[in-house]
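Biologist: Before we talk through this model, I would like each label that you use to be set against its definition. Could you show me the entry first?

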Amino acid sequence: MRFGASEIRCRSCQQLYPGGDLDRYLWCPACRNEVRRHGIAWARGIGIVACAGLATYLLLRVHPSRSYLPFYLIMLAMTYLLISRIAMAVVQGYYRARGRVVGVESRDEESGS
Ligand SMILES: [Zn+2]
């Protein structure tokens, strides 16, 4: 072995890190941050699209009355929160399952694993 026994490769970027720096999926902090950043971006976009879709449906089909406007706004806010959380979990799960995150290049040229 040419590296220390306590050093483990990140599964995403293939860099060596002390074992304590990696999480249970063997991802380094930089790759975790990158996954979180991508997850937040996708979650916001999908949450806004879901919110806009629900708002369009409400305006065109339900014709909300002014007296119930606060409840519809709360419904839209809850939709955004719930959908964006689900989207965040799905996007992060996708990158974790893929084993690599966009934007973090593999700095090790060794092929195969
Ligand atoms: Zn990494």
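Biologist: Which residues of helix 2 are called buried, and what makes them so?

Modeller: They are S84, A87, M88 and Y95, and the label applies because a residue is buried if 20 or more other C-beta atoms lie within 10 Å of its own, exposed if 12 or fewer, and partly exposed in between, with C-beta atoms placed from the backbone. The model is a predicted one, in which local features need pLDDT of at least 70 and side-chain atom pairs count only at pLDDT 80 or more, whereas totals for chains, interfaces and linings use all residues. Residues are numbered from 1 along each chain as its sequence is written.

Biologist: What covers those buried residues of helix 2?

Modeller: The cover includes helix 1, residues 29-62; helices here are DSSP runs of H or I with at least four residues, strands are runs of E with at least two, and both are numbered from the N terminus. The axes of helix 1 and helix 2 come within 7 Å and cross at roughly 145°, where axes are lines fitted to C-alpha atoms, for helices over the stretch in contact, and angles run from 0 to 180 degrees between N-to-C directions. The residues of this contact divide into 18 nonpolar, six polar and one charged.

Biologist: How do you know that helix 2 spans what is expected of its number of residues?

Modeller: Helix 2, residues 69-98, has 30 residues and reaches 43 Å from its first C-alpha to its last, close to the 44 Å expected, the expected span being 1.5 Å times one less than the number of residues. Helix 2 is followed by G99, whose phi is positive, near 85°.

Biologist: What makes the largest nonpolar core a core, and which residues form it?

Modeller: Its seven residues are C10, W27, C28, C31, V35, Y95 and V101, and they qualify because a nonpolar core is a set of buried Ala, Val, Leu, Ile, Met, Phe, Trp, Tyr and Cys residues joined through C-beta atoms within 7 Å.

Key: Contact = placed C-beta atoms within 7 Å. Nonpolar A, V, L, I, M, F, W, Y, C, P; charged D, E, K, R; others polar.
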